[in-house]
Amino acid sequence: MATEITTVINKLKAVRASIPQIVLDLVRENEQFVINLQQGQLGEGFDSKGQQIKPSYAQSTIARKKKKGQPFNRVTLKDKGDYYKSFDIIYNESGGTFVLKATNFVRQYLVKRYGEDIEGLTPESIELVSKEIQDRLLEVIQKKIDS
């Protein structure tokens, strides 16, 4: 009996230690969903802290956006869409974390003007990712415990 309990405890410890890697693997399975959340936040004018992106557009940008039929009442950081399309997820395997980062050359100018917080998920978006992967996470954990 003691051996069975020890085996279960050891399995649970192993599963607990592997959770960060499991989560990263599940994010990989759902990369487009995560990137879509990032793009959606920007489209709504929000940074990773859930704050409106500031400073507001210059009057010349507002005029140009009106002419193109694009939103001008909030900063979306979208003109042609190249910045949005360049988002990628960078994984830190050893730390069990990931970051969203655009690779387009314009990124450096946007970050300089609007700050690093323009990239990354809001707490609400992180919650949506959690909900998206939770069933699969439980399934993977159960499989590890049962093996």
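The model is a predicted one. Arg 107 is found in helix H5 and is buried, with a relative accessible area of 14%.

**Around Arg 107**

- Arg 107 counts as buried because its relative accessible area of 14% falls under the 20% cut-off.
- Val 106 is found in the loop between strand S2 (97-102) and helix H5.
- Val 106 is partly exposed, with a relative accessible area of 24%.

**Other salt bridges**

- The whole structure holds 8 salt bridges.
- One of the salt bridges joins the side chains of Glu 29 and Arg 136, with 3.5 Å from N to O.
- Glu 29 lies in helix H1 (residues 2-29) and Arg 136 in helix H6 (residues 123-146), so this pair ties together parts that are 107 residues apart in sequence.
- Arg 136 is partly exposed, at a relative accessible area of 33%.
- Another salt bridge is formed by Lys 49 and Asp 117, whose closest N and O atoms are 3.8 Å apart.
- Lys 49 lies in the loop between helix H2 (31-44) and helix H3 (59-68), and Asp 117 in the loop between helix H5 (107-114) and H6, so the pair ties together parts that are 68 residues apart in sequence.
- Of this pair, Lys 49 counts as exposed at 55% relative accessibility, while Asp 117 is partly exposed at 32%.
- Asp 25, Arg 28 and Glu 93 are linked in a network of salt bridges.

**Order of elements and overall shape**

- The protein chain has 6 helices and 2 strands.
- Read from the N terminus, the elements follow the order α-α-α-α-β-β-α-α.
- The C-alpha trace spans about 75 × 25 × 20 Å along its principal axes.
- The radius of gyration of the protein chain is 20 Å, whereas a compact globule of 147 residues would have one near 15 Å.
- Among contacts with a separation of 6 or more, 60% are between residues 24 or more positions apart.
- Gln 142 and Val 15 are 127 residues apart along the chain, yet their C-alpha atoms are separated by 9.2 Å.
- Gln 142 is found in helix H6 and is partly exposed, with a relative accessible area of 43%.

**Surface and charge**

- Of the 147 residues, 35% count as buried.
- The protein chain exposes about 9500 Å², and carbon and sulfur atoms supply 55% of that area.
- There are 23 positive and 19 negative side chains in the protein chain.
- The centres of the positive set and the negative set lie 9 Å apart.

**Backbone details**

- Most residues other than glycine have a negative phi, and most peptide bonds are trans.
- The peptide bond from Lys 54 to Pro 55 is cis, with omega near 5°.
- Pro 55 lies in the loop between H2 and H3, the loop that also holds Lys 49.
- Leu 77 is a residue other than glycine with a positive phi, near 60°.
- Leu 77 is found in the loop between H3 and helix H4 (82-85).
- Leu 77 is buried, with a relative accessible area of 8%.

Technical notes
Residues are numbered from 1 along each chain as its sequence is written. This is a predicted model: local features need pLDDT of at least 70, side-chain atom pairs count only at pLDDT 80 or more; totals for chains, interfaces and linings use all residues. Side-chain values use heavy atoms; hydrogens and water are left out. A salt bridge is a side-chain nitrogen of Lys or Arg within 4 Å of a carboxyl oxygen of Asp or Glu. Helices (H or I, at least four residues) and strands (E, at least two) are DSSP runs, numbered from the N terminus. Buried means under 20% relative accessible area, exposed over 50%, partly exposed in between (1.4 Å probe, protein chains only). The radius of gyration is taken over C-alpha atoms; the globule rule is 2.2 Å times the number of residues to the power 0.38. Contact means heavy atoms within 4.5 Å. Accessible areas come from the Shrake-Rupley method with a 1.4 Å probe; for residues, only the protein chains shown count as cover. Lys and Arg count as positive and Asp and Glu as negative; His and the chain ends are not counted. The place of a charge is taken as NZ of Lys, CZ of Arg, CG of Asp or CD of Glu.
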